[in-house]
Every structure is written in C-alpha cells, then in structure tokens.
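Please look through the sequence and the three-dimensional view below before reading on. The paragraphs that follow lead from a single side chain to the sheets and cores around it.

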Amino acid sequence: MSEGAAKKEEKPRKFQAIKGTRDLLPPETALWTRVERIAQEIFTSYGFGEIRLPIFEQTDLFARSIGLETDVVSKEMYSFEDRDETSVSLRPEATASVCRAYIENGMQQLPQPVKLYTMGPMFRRERPQKGRYRQFYQIDAEVLGGSDAPGIDAELIEMVMTFFERLGLEGVQLDINCIGDKKCRPKYVELLRAELSKVKDKLGPDSQRRIETNSLRVLDSKLENEQRLIEGMPHIADHLCEECAENYRGVKKELELRGVKYRENWRLVRGLDYYSRTTFEITAKGLGSQNAVCGGGRYDGLMELLGGPPTRATGFAIGEDRLILSLQEAGKTPAAQGRDVYIAWMGEKAYAAAIRAAKDLRAAGLSVEFPPVEQKFGKALGQADKLGARYALILGDNEVASGEWTLKTLATGEQAKLTEASLLESLRKGKTVSS
Ligand code: HAM
C-alpha cells in the first residue's frame with residue numbers, strides 16, 4: 001500500500017491527557033505564577049539561590065536515596081531502560097537530584113551552607129484522587145553543608161511558614177518530630193519491631209509486611225482498627241541518644257524564639273528513608289485526606305550514601321498542586337486577568353495609528369488586545385466587554401483626522417475625547433481618564 005493510501009485510511013482520533021496528569025489553564029495559571037513569584041521573593045530574602053535540575057536521572061540515584069522498600073521506589077517510579085541499557089526514572093522528588101548536583105558540581109567548595117530551591121514537576125504512579133496526581137509539582141528548598149545547629153532547621157521552617165502566611169493559606173498546622181540518628185534509631189526500631197510483632201495478628205497485611213521491611217512506617221498507618229494498638233507503642237522521644245535529644249530541644253526552642261507554633265507528633269516518620277533527627281509536615285484546610293502541603297526534615301547521612309563527603313543537610317518540599325487547591329477552596333483566587341485596553345479601530349489611517357498606540361501601550365506594560373481585522377464599533381465594544389477590558393480605545397479615520405481620540409471606560413460607559421499624546425500619557429501612568 002502506498003504511503004498516501006495508508007494516510008487516507010487513518011481515522012481521526014481524539015486524545016486525552018494520561019490518567020493522573022492534567023492541563024493547567026488560565027486564569028488558574030495566574031495563581032500558580034503568583035505563588036511561584038512569592039516563593040522566589042521570600043526564599044531569596046532568606047539567601048536561597050535557584051537550581052534547575054534534570055527531570056530524569058539514573059534509577060539507582062532514587063533507589064539509594066529514597067530507599068528500596070519505600071512505596072515511592074518499590075511501586076511508584078516511572079522507570080525505563082535507556083538505549084544504552086541504563087535504567088532511568090522520571091524524578092519522584094528533588095532532594096536526591098539536589099544532592100547529586102551538589103557533589104557533581106563541587107559545591108562543597110562554596111561557602112557553607114549552600115541554600116538552594118527548585119520548582120517543577122515530579123512523577124509518582126499513585127492512585128489519582130483529589131490532591132494526588134501522577135504528575136504533580138513541588139516547590140523544594142534544601143540547606144546543604146554547614147552545621148546541624150537547630151537554628152538551621154528552625155529558620156527553614158520559619159521560611160515556609162512565612163510563605164504560607166503571605167499567601168493567606170488557611171488552617172495551617174505544623175507537626176514536628178525527631179526520629180533519631182544512625183546511633184540511636186536502630187535500637188528503637190528493634191524495640192518497635194519486637195512490640196509490633198507481639199500484636200502482628202491484629203494488624204492488616206500492609207502493616208504486617210512493614211514490621212519486617214520498614215517498621216517505622218507502621219506508625220504512619222491510617223487504618224482505623226490499628227490506631228489503638230499503634231498508640232500503645234513505645235515513643236521514639238524516650239529512646240533518643242543525648243545528642244539527638246539535645247538537638248530536638250534546640251529545634252523546639254528555636255521555633256519558639258521565632259514565634260512559630262508547632263505540635264509534636266511522635267508518629268511523624270515520613271515515607272522516605274533518608275531522614276534523621278528533625279522531621280516535619282504541614283497540613284492545610286480544604287484538602288480532604290491528602291492534606292499534607294509540605295513535608296521535610298534533616299538528612300545528614302544522604303550525601304555520603306551518594307559518594308559525597310559527610311555533609312549535614314535539611315530541606316522540605318511543598319506540594320504546589322495542594323497548596324493551590326487549598327487557596328482556591330478558601331476563595332483566594334486572583335480575579336481573571338482582563339485586558340487594560342481593547343483597540344477598536346476602523347479604516348486604513350486608523351489602522352496605522354492603532355499599531356503605533358498598541359506598541360506604545362504594551363511597552364509601558366499595559367495589556368492590549370489589538371484585533372487583526374477591522375470590526376464594526378458595536379461588535380468591537382462587545383468583544384472588549386467579553387474580554388473584561390477596562391478601556392476601549394476607539395479609533396476611526398475621523399479621530400485620526402481631528403487628532404482627538406476617544407477612550408471609553410467600559411465599567412461606566414463614560415467617554416473622553418483626548419489628543420493622542422495626552423490619552424497615551426494618561427493610560428501609561430495608569431490615571432483614570434476623563435476629558
Ligand atoms: P514528600 O512528603 O514525599 O517529600 O512530598 C512533599 C509534598 O509533595 C507532600 O507533602 C505533598 O504535598 C506533595 N506530594 C507528594 N506526592 C504527591 C502527589 N502524588 N500528588 C500531589 N502532591 C504530592 C519529599 O518529596 C521530600 N523530597 C521533601 C524533602 C526535601 N525532604 C527534605 N528535603
């Protein structure tokens with residue numbers, strides 16, 4: 001069959017976005033831009049610089065960092081063999097990549113700590129529901145190198161709380177915990193495993209499996225019938241070594257000094273393996289069961305695991321989709337962005353003047369809609385209304401000949417006749433225009 005014949009037989013087909021992914025459209029994207037701009041402003045004021053990372057990496061980077069037994073690595077990564085037969089994965093989070101980049105780019109030579117933030121899509125093959133997507137967006141911040149002074153964790157938490165406050169996020173609740181380090185945690189995990197084993201038969205299959213693979217994660221269980229049993233388990237706070245206990249006291253004191261309200265939650269263990277000492281999570285209103293808008297903590301051992309020098313580090317990631325959802329539920333949506341000026345023009349001479357005016361107003365930062373073909377004035381004004389324009393600049397050949405242009409304020413219907421120069425000047429300066 002010739003290529004042409006094959007093409008002819010191809011039926012048109014409609015495509016849909018893949019399950020768990022979605023398009024973000026205007027005007028909602030204006031809220032995304034606003035959130036990202038404010039994050040940039042606040043993070044910069046805390047001395048953070050932006051890092052942009054690849055969207056895929058070697059699968060091993062995530063397996064080593066996040067942990068083989070975690071849900072993210074064992075079930076949720078989008079992995080594929082590249083042509084040279086290395087396994088690569090779409091990033092499920094950013095921390096592992098930030099550490100890889102820190103080591104690869106010799107950032108340990110820079111003044112420490114190095115403070116970095118990044119924003120962008122992450123990929124996890126989870127069951128989609130409200131606030132849970134397979135492609136979702138994170139705003140991530142990491143502090144790498146330097147000491148483990150409690151002030152570093154506290155300042156990081158202060159920064160994200162300041163950001164949420166500035167956005168007007170409602171029902172913000174910060175939970176913190178200390179999960180010990182490689183000295184004291186193994187002993188606690190052993191004790192926890194022994195205690196959990198005693199009640200194994202009363203736990204569901206997931207928790208039963210986790211007793212062996214990752215006992216700490218059993219504390220994360222949301223199953224109603226497991227709660228009473230889990231509440232009776234030993235608390236890690238009673239089994240911390242003196243250094244970790246001292247550090248945890250320090251973090252709490254530093255948060256208090258900064259006026260950051262927190263709640264201690266001994267069951268907050270987080271779903272990724274790299275954490276040590278401080279862990280935290282922030283929830284917000286209007287999100288149902290997927291109400292964590294931010295998660296983070298210290299991960300002092302990760303850099304070494306990835307072949308780097310011993311490096312202290314701490315960080316967080318905000319789920320931007322959930323943050324936006326919560327803001328929308330609270331009605332914090334910016335008004336749809338209308339145009340400042342709609343240019344209603346008719347006639348050849350008016351067209352030349354309209355091109356000039358559009359260029360001039362856009363250069364002054366105004367949003368201008370300039371129809372490419374002439375329309376009757378009535379139709380043009382209707383169009384200006386639909387687009388939510390503030391002003392219609394009416395330009396016919398008569399206006400051009402007389403040198404007096406007409407500006408209509410669409411909300412009031414008021415019209416003003418002004419010379420070209422004074423009309424453009426008033427619009428540029430954002431003045432209310434009247435004759
Ligand atoms: P995480 O808790 O896995 O931590 O994710 C952080 C946030 O990303 C969550 O609190 C949630 O808001 C959002 N998120 C996660 N999965 C989804 C999903 N499927 N759909 C929508 N939002 C989601 C991390 O990723 C760590 N890297 C955070 C960190 C940075 N720790 C230290 N530095």
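Glu57 lies in strand E2 (residues 56-58), where strands (E, at least two residues) and helices (H or I, at least four) are DSSP runs numbered from the N terminus. This is a predicted model, in which local features need pLDDT of at least 70 and side-chain atom pairs count only at pLDDT 80 or more, while totals for chains, interfaces and linings use all residues. Residues are numbered from 1 along each chain as its sequence is written, and side-chain values use heavy atoms, with hydrogens and water left out.

Glu57 counts as buried because its relative accessibility is 9%; buried means under 20% relative accessible area, exposed over 50%, and partly exposed in between (1.4 Å probe, protein chains only). Its side chain is joined to that of Arg100 by a polar contact of 2.8 Å, a term for a pair of N or O atoms within 3.5 Å of which, within protein, one must be able to donate a hydrogen and the other to accept it, residues adjacent in sequence counting only if both atoms are side-chain atoms. Leaving aside neighbours within four places in sequence, Glu57 is in contact (heavy atoms within 4.5 Å) with residues including Phe62, Ser87, Val88 and Arg100.

Strand E11 (residues 313-319) has seven of its seven residues buried, and both of its faces are covered, with Ala313, Gly315, Ala317 and Gly319 on one side and Thr314, Phe316 and Ile318 on the other. Strand E6 (residues 135-144) runs antiparallel to E11 and is joined to it by seven bridges, with Ile139 opposite Ile318; two strands pair if DSSP finds at least two bridges between them. Strand E10 (residues 292-298) is also antiparallel to E11, through five bridges, and there Gly297 stands opposite Gly315.

Phe316 and Ile318 return in the largest nonpolar core, which has 95 residues and in which they, together with Phe43, Phe163 and Phe164, touch the most other members. Such a core is a set of buried Ala, Val, Leu, Ile, Met, Phe, Trp, Tyr and Cys residues joined through side-chain atoms within 4.5 Å. Helix H6 (residues 150-167) gives the most to this core, with 10 residues. A second, separate core of 21 residues includes Trp345, Ala350, Ala354 and Leu423.

An open sheet of five strands, with mixed pairing, has the order E13-E12-E14-E15-E16.
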